[in-house]
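Here is a short briefing on one protein model. Look at the structure first, then work through the points by topic.

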Amino acid sequence: MAQFVVHPDRHREFGKPSETFLLITQTDRVDDFVLAPSTSYRHTAMATIEAGEPLGAALSTGRCPESADIFVVCPDRFVVSPEPAVLGPGRRLVVMPCGSTPVTDAQVDYFLTTVESTDPVALEARADRLFGALGATPYVWLTASQESTSATFGISAGYAWNQQAGTVAPGGQQIAPAGEASAAPTTPYHFGTSRRLDLNGTVTLLGAPIVHRGDDPDCVDEQAALYKDLDALRQSPVILTFTDGVVTDVRATAPEGKGAVAALNDLYEADEYYRVLWEFGIGLNPVLRQQPGNCGLNQMFGATNGVVHLGFGLPPTTRYALTFTCVDTVMTDTEGNTLAGPVPPRRRGRQA
């Protein structure tokens with residue numbers, strides 16, 4: 001009996017519907033999915049990909065029309081985005097990434113609902129406002145008053161800026177749930193240390209961590225052990241010190257965080273690349289709530305005003321990719337305007 005219902009008409013990330021809505025999932029989970037009836041699409045269909053079959057190969061077969069809105073959700077598979085030439089100019093692709101972290105069926109169900117509840121137009125407007133504000137300031141302040149941390153992040157047009165928000169254009173692709181603005185020192189998927197993100201000072205890590213393993217099945221147990229140590233960050237803040245985008249110190253704010261600090265120091269000792277900040281991101285999705293466990297889909301968490309997160313490592317250069325949220329960090333421009341993070345309460349004026 002199907003446990004996941006996908007509603008084509010609720011997938012607003014595609015904008016104006018095309019002729020066909022196509023749901024793609026893995027062959028061994030196809031019985032878990034069902035498509036709800038649609039009044040917006042002329043055709044709806046399901047297709048499968050076999051174990052070990054790349055998504056690009058599936059798109060090159062007759063299973064996928066040349067003009068279609070394609071939604072991919074493979075609960076147990078790591079899906080690599082196809083090259084634009086393989087996707088083609090008439091398709092729009094949205095992938096719910098699951099395979100690099102363990103994702104439970106309950107989480108699949110939750111995030112399917114989150115995708116359908118996310119307003120892409122509102123997200124795009126939110127991202128546009130943020131990018132406009134970032135383009136008007138030479139740097140931003142990152143402060144967390146509870147832990148007394150403060151850092152500056154320099155804004156540069158030389159970074160590879162990325163936006164996961166808005167409707168998908170023909171020939172385009174996006175992840176789901178959407179809702180992120182981010183910067184990397186160079187183009188995505190080309191990890192290196194010759195260029196750095198300009199982050200200096202102290203930053204508080206607080207909130208659900210994510211430990212991605214890419215497509216490596218041999219480190220599942222090690223991944224779980226690492227995540228278990230880092231999960232203390234949900235409740236116990238850890239402070240990183242940065243110099244030119246590189247971690248130079250890590251310390252706990254309470255005894256509960258010492259295991260997370262020890263795990264990070266072990267990573268640094270094993271591979272210095274983990275010290276290098278690879279992504280500076282702001283989660284923008286106001287619908288999403290961080291879910292329990294090591295869940296990569298938590299990354300778009302945006303609360304009510306955007307949430308800063310930091311990324312380290314990139315498989316296969318490093319064994320893992322780590323994402324840390326900074327839920328109590330406030331990001332302000334040089335004029336003191338709050339761009340993301342908790343908004344300080346307004347002070348009441350004195351009564352006459």
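Aspartate 244 sits in the loop between strand 14 and strand 15. Strands here are DSSP runs of E with at least two residues, helices are runs of H or I with at least four, and both are numbered from the N terminus. This is a predicted model, where local features need pLDDT of at least 70, side-chain atom pairs count only at pLDDT 80 or more, and totals for chains, interfaces and linings use all residues. Residues are numbered from 1 along each chain as its sequence is written, and side-chain values use heavy atoms, with hydrogens and water left out.

**Positive phi angles**

- Most residues other than glycine have a negative phi.
- Aspartate 244 is not a glycine, yet its phi is positive, at about 50 degrees.
- Aspartate 244 is partly exposed, with a relative accessible area of 46%. The cut-offs are under 20% for buried, over 50% for exposed, and in between for partly exposed (1.4 Å probe, protein chains only).
- Serine 148 is also not a glycine, and its phi is positive, near 55 degrees.
- Serine 148 belongs to the loop between strand 7 (139–144) and strand 8 (149–154). Its relative accessibility is 64%, so serine 148 counts as exposed.

**Cis peptide bonds**

- Most peptide bonds are trans.
- The bond from alanine 176 to proline 177 is cis, with omega near 0 degrees. Proline 177 is in the loop between strand 10 (173–175) and strand 11 (180–184).
- Proline 315 and proline 316 are joined by a cis bond, with omega about 5 degrees. Look for proline 316 in the loop between strand 17 (307–312) and strand 18.

**Helix 6**

- Helix 6 covers residues 258–270, which is 13 residues. From first C-alpha to last it reaches 18 Å, close to the 18 Å expected at 1.5 Å a residue. The expected span is 1.5 Å times one less than the number of residues.
- Which residues of helix 6 are buried? They are Ala260, Val261, Ala263, Leu264, Leu267 and Tyr268.
- Seen down the axis, these buried residues fall within an arc of 160 degrees, so they line one face of helix 6. The arc is taken from the directions from the helix axis to the C-beta atoms.
- On the other side of helix 6, Lys258, Asp266, Glu269 and Ala270 are exposed.

**Aspartate 215**

- Aspartate 215 lies in the loop between strand 13 (210–212) and helix 5. Its relative accessible area is 56%, so aspartate 215 is exposed.
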